[in-house]
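I opened this entry to look up charged side chains. My notes follow the structure.

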Amino acid sequence: MKAILRPFINKQVRAFNKHTEAVPVEITSDWVHKLRLILKRQRTAFHLMEWLSPDEINSKKLWKPYKDLHERSGSFRDLCVLEEFFIRKQESFPLSTPFILNYLNEQKEIHHHRVFEALKTFESPDKKALKKAYKSLDEHKKNKIVMELINQYSHEIISTVSRALITKYVSDETYHEIRRLLKMLYYTLRFIRKEDYKDRLLIHPKWCVPITEILGDWHDLVNVGLLLEQCVMEKGEYLTADIKAEFQTYHDELYLEKEHHLKAFHRGFENLITEIEEHL
């Protein structure tokens, strides 16, 4: 595994350095999206390293230099996605949309500045710590077939998600965690699939795509609801009765759409389990 993880992580480090060498004056949604993809791949590799050698490797420590930038860029990216959402909805909500977009622009300006600050204060991770982590990968696992390890890792993630879904009530926080785990699994399978053993994968990356996309759409709707609540709380005194009525309609539609996406996710996850069982 070390032979696979080391070049993958080094590749992400190079990609990060290249991407942040020339930061645009006006950070765009696309630029931040690419940055976050690099960071997510990096975090995925760190998490897998810790799973391989839990007594020696701490993924949180390896991830620490990137954490603040990841969180701040995530907040900015979410605002960009919300802006696109509300622009698409403006014909249905002509009174409230301009009000919301103006509020979004204010928030984007604040978070745009925060991303710049995170980039300025970013300190490169300790190369020695990373080299030490490579050396710490459990030696008894070095001769195991790569796919055997990855299939075991995949099984643990799917089992964790299954256990989380069997309760009567699943909180938004739990769905967020499930989304994070499934995306982490997807990124892991994506970079492993290039190996010679890819035909022995328990789960193919493409099986994860539909359900992660559904949860991604659900996540966007959750953020829409939070923004609406925040907007009303901060700017409520400026809202007319008609705008307030549109806000309420927004909330009603959001609830139904979120429920629809969650039901679709549950069906999709059941299909994933079926795919796995048929593949065994």
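In which helix do lysine 34 and aspartate 30 both lie, and how many residues apart are they? I found both in helix H2 (residues 29-52), four residues apart, about one turn of the helix. I note that the model is predicted.

I then checked the pair itself. Lysine 34 forms a salt bridge with aspartate 30, with the closest N and O atoms 3.4 Å apart. Lysine 34 is partly exposed at 44% relative accessible area, and aspartate 30 is partly exposed at 45%.

I searched the whole structure for salt bridges and got seven. One joins glutamate 253 to lysine 89, with closest N and O atoms 3.7 Å apart. This pair links distant parts of the chain: glutamate 253 is in helix H9 (residues 241-279), lysine 89 is in helix H3 (residues 59-89), and 164 residues separate them.

Next I looked at helix H7, where glutamate 177 and arginine 180 lie three residues apart. They form a salt bridge, the closest N and O atoms being 2.7 Å apart. Glutamate 177 is partly exposed at 35%, and arginine 180 is partly exposed at 28%. Back to shared partners: salt bridges join Lys89, Glu253 and Glu257 into one network.

Arginine 179 is also placed in helix H7 (residues 172-192). I found arginine 179 buried, yet without a salt bridge. Its nearest side chain of opposite charge, aspartate 220, is 5.7 Å away; a salt bridge needs the atoms within 4 Å. Beyond its neighbours within four places in sequence, arginine 179 contacts Leu215, Gly216 and His219.

Last, I looked up a positive surface patch, formed by Arg6, Lys127, Lys128, Lys131 and Lys135. Helix H5 (residues 127-136) gives the largest share, four residues.

Note on methods. Residues are numbered from 1 along each chain as its sequence is written. This is a predicted model: local features need pLDDT of at least 70, side-chain atom pairs count only at pLDDT 80 or more; totals for chains, interfaces and linings use all residues. Side-chain values use heavy atoms; hydrogens and water are left out. Patches are made of residues with over 30% relative accessible area and no salt bridge: like charges are joined within 9 Å, nonpolar side chains (Val, Leu, Ile, Met, Phe, Trp, Tyr) within 5 Å. Accessible areas come from the Shrake-Rupley method with a 1.4 Å probe; for residues, only the protein chains shown count as cover. Lys and Arg count as positive and Asp and Glu as negative; His and the chain ends are not counted. The place of a charge is taken as NZ of Lys, CZ of Arg, CG of Asp or CD of Glu. Helices (H or I, at least four residues) and strands (E, at least two) are DSSP runs, numbered from the N terminus. Buried means under 20% relative accessible area, exposed over 50%, partly exposed in between (1.4 Å probe, protein chains only). Contact means heavy atoms within 4.5 Å.
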